[in-house]
Amino acid sequence: MSVTVSSPGVRSIYGSTRSPKLLGSLSWPGRVIMAVQSNVISVAPILTKLKKDCATPLPVLRHVADAMASDMRAGLAVEGGSDLKMILSYVDSLPTGNEKGLFYALDLGGTNFRVLRVQLGGKEERVIATEFEQVSIPPELMFGTSEELFDFIASGLAKFAEKEGGKFNLPDKQTREIGFTFSFPVQQTSVDSGILIKWTKGFAVSGTAGKDVVACLNEAMQRLGLDMRVSALVNDTVGTLAGARYWDDDVMVAVILGTGTNACYVERIDAIPKLQCHNSTFGRTIINTEWGAFSNGLPLTEFDREMDADSINPGEQIFEKTISGMYLGEIVRRVLLKMAQAGELFGDSISEKLLTPFMLRTPDVCAIQQDTSKDLEVVGSFLRDVVGVSSKLSARQIVVEVCDTIAKRGGRLAGAGIVGILEKMEMDSKGLIFGKRTVVAMDGGLYEHYPQYRTYLQEAVNELLGPEITKNIVIEHTKDGSGIGAALLAATNSKYGHNF
Ligand code: ADP
Ligand code: MG
């Protein structure tokens, strides 16, 4: 029996009128009783539960900061002692400003790879000239072979090096030296070599894990006949720290919030029990935490768990999957899909696009949150043009709330992670961090472009540390600092030695 329903719309808690959805019907002699459910009634509990599951009140932040600090300690105590690998960077002398000469940097991050050259002029002249190019990585190379990927990188580098001229010059008979920023987990074996532990951020290149990535690049350069040499292999966090430190001696921590996330910091050699024999003239070194692998006590939802299960690295990089740019859009898409399926958030049909993993990107989520118009017109046209669904104002408001909930959780947890690092440093060396100016160098497209995310991050730091301590903690965006930082570390570790 088919029933046509005609009933007045239901006034939703979001203030607009939505038509009810027919759930089923029962027939009695002479009349039909219809069970109807408003779409808003069925969507609202999903939103309420989402907010509850994503909530990051102070006790949750406190737990995350404490757990970050204790996981750091466990990772420093013994190899494999924690989710956090706490990788030794072999960088123990930081840039001073005296570096001189021509150096190249190569940055393989997530979405792009960048090549850069810099002519350094020492304390007085500093950066005389710098040039860079950015190439996006063809998606098929993310799933190809190691040789294909490194050949692509080497040829990009070769093309860039050919164009050198002007203010850039290299002393006769010297080979061009490169600082290689490689933003994936690497077990560093020296300052210029390291074994790839695993690919992350959606890369699934075959044949690189377990190999020295510098050797992979060298082999590709040889295949091309390109005479350049890697003098420093650095994680992007380490490059960012070095680049920022070049200008500011108070930089102690660097954090990346881009496609993925990671953090590094300056550690005392004698606070690294797992380190048996390593001589550092400075008594300090940079530790790459690989904090993306952190997972202790995070507020997770069914959407996170499903996304993780469907990912190419299930069970891994949980912190990264909760707070970084590659994933925020996908979490939002999963929430919206469930809402659309459960309660006709966007009318009857579910668009093909909403069913497509990673169709919603974090920059989209960010754009949705920037819409300040009364009718959320930008959100409406985005939903129409990109997602392929029509929407009423009430649905748009829900979409904005979902985006905000996911960004808020991400930003606040990132803030708690930073506090965890600062507290660990302070606890081990009283007065090192608190009560004086300390700079956290920050880089990455997510932090750079998402104002609400930045605000949530800062709020969490304030809540955890209180106003007195927070006023001395400077979270400073150092755009593309890792490129210059890697070039600086190539200078510090030049095979030609240095007189600076
Ligand atoms: P990578 O991390 O790949 O080295 P970036 O630091 O440039 O590169 O970060 C790029 C990432 O930043 C993108 O993958 C995206 O997740 C995020 N992002 C870029 N633009 C925006 C934006 N407008 N709003 C929010 N996130 C953004
Ligand atoms: Mg990067």
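At what angle do α6 and α15 pack, and how far apart are their axes? In this predicted model, the angle is about 80° and the axes lie 6 Å apart. An angle from 65 to 115 degrees counts as roughly perpendicular, so α6 is roughly perpendicular to α15. On the α6 side, the contact is made by Asp-236, Gly-239, Thr-240, Leu-241, Ala-242, Gly-243 and Ala-244. From α15 come Gly-481, Ser-482, Gly-483, Ile-484, Gly-485, Ala-486, Leu-488 and Leu-489. By class, seven of these residues are nonpolar, seven are polar and one is charged.

Asp-107 stands opposite Thr-181 of β9.

A separate pairing involves β10 (residues 186-190) and β11 (residues 193-196). These two strands are antiparallel and are joined by four bridges. A hairpin of two residues links β10 to β11. Ser-190 stands opposite Ser-193 in β11.

Another open sheet contains six strands, again with mixed pairing. The strand order is β5-β15-β14-β13-β16-β17. β5 (residues 87-88) and β17 (residues 473-477) stand at the edges. Each has a single partner strand, so one side of each is left without a neighbour in the sheet. Between β14 (residues 261-268) and β15 (residues 284-288), the pairing is antiparallel and spans five bridges. Arg-268 has Arg-284 of β15 as its bridge partner. Helix α12 (residues 393-428) lies across β13 (residues 251-257), β14, β16 (residues 438-443) and β17. The angle between α12 and β13 is about 160°.

Helix α12 also meets α10. The axes of α10 and α12 come within 9 Å and cross at roughly 120°. That angle makes α10 oblique to α12. The crossing is left-handed. In α10, the residues that take part are Val-365, Ile-368 and Gln-369. Their counterparts in α12 are Val-399, Val-400, Cys-403, Asp-404 and Ala-407. The contact of α10 with α12 has six nonpolar residues, one polar and one charged.

A further helix pair is formed by α2 (residues 58-77) and α14 (residues 451-470). These helices pack at about 85°, with axes 10 Å apart. α2 and α14 are therefore roughly perpendicular to each other. From α2, the contact draws on Leu-58, Leu-61, Arg-62 and Ala-65. From α14, it draws on Ala-460, Glu-463 and Leu-464. Five of the residues in this contact are nonpolar, none is polar and two are charged.

The surroundings of the ligand complete the description. Ligand 1 is surrounded by 17 residues. The closest are Gly-109, Gly-110, Gly-258, Gly-325 and Gly-445. By class, the shell has 12 polar residues and five nonpolar ones. No charged residue belongs to it.

Key
Residues numbered from 1 in each chain as written. Chains lettered and ligands numbered in written order. Predicted model: local features only at pLDDT ≥ 70, side-chain atom pairs only at ≥ 80, totals over all residues. Near = placed C-beta within 6 Å. Nonpolar A, V, L, I, M, F, W, Y, C, P; charged D, E, K, R; others polar. Pairing = 2+ DSSP bridges. Contact = placed C-beta atoms within 7 Å. Axes fitted to C-alpha atoms, helices over the stretch in contact; angles between N-to-C directions. Parallel < 35°, antiparallel > 145°, perpendicular 65-115°, else oblique. Left-handed = near helix turned anticlockwise from the far one by under 90°.
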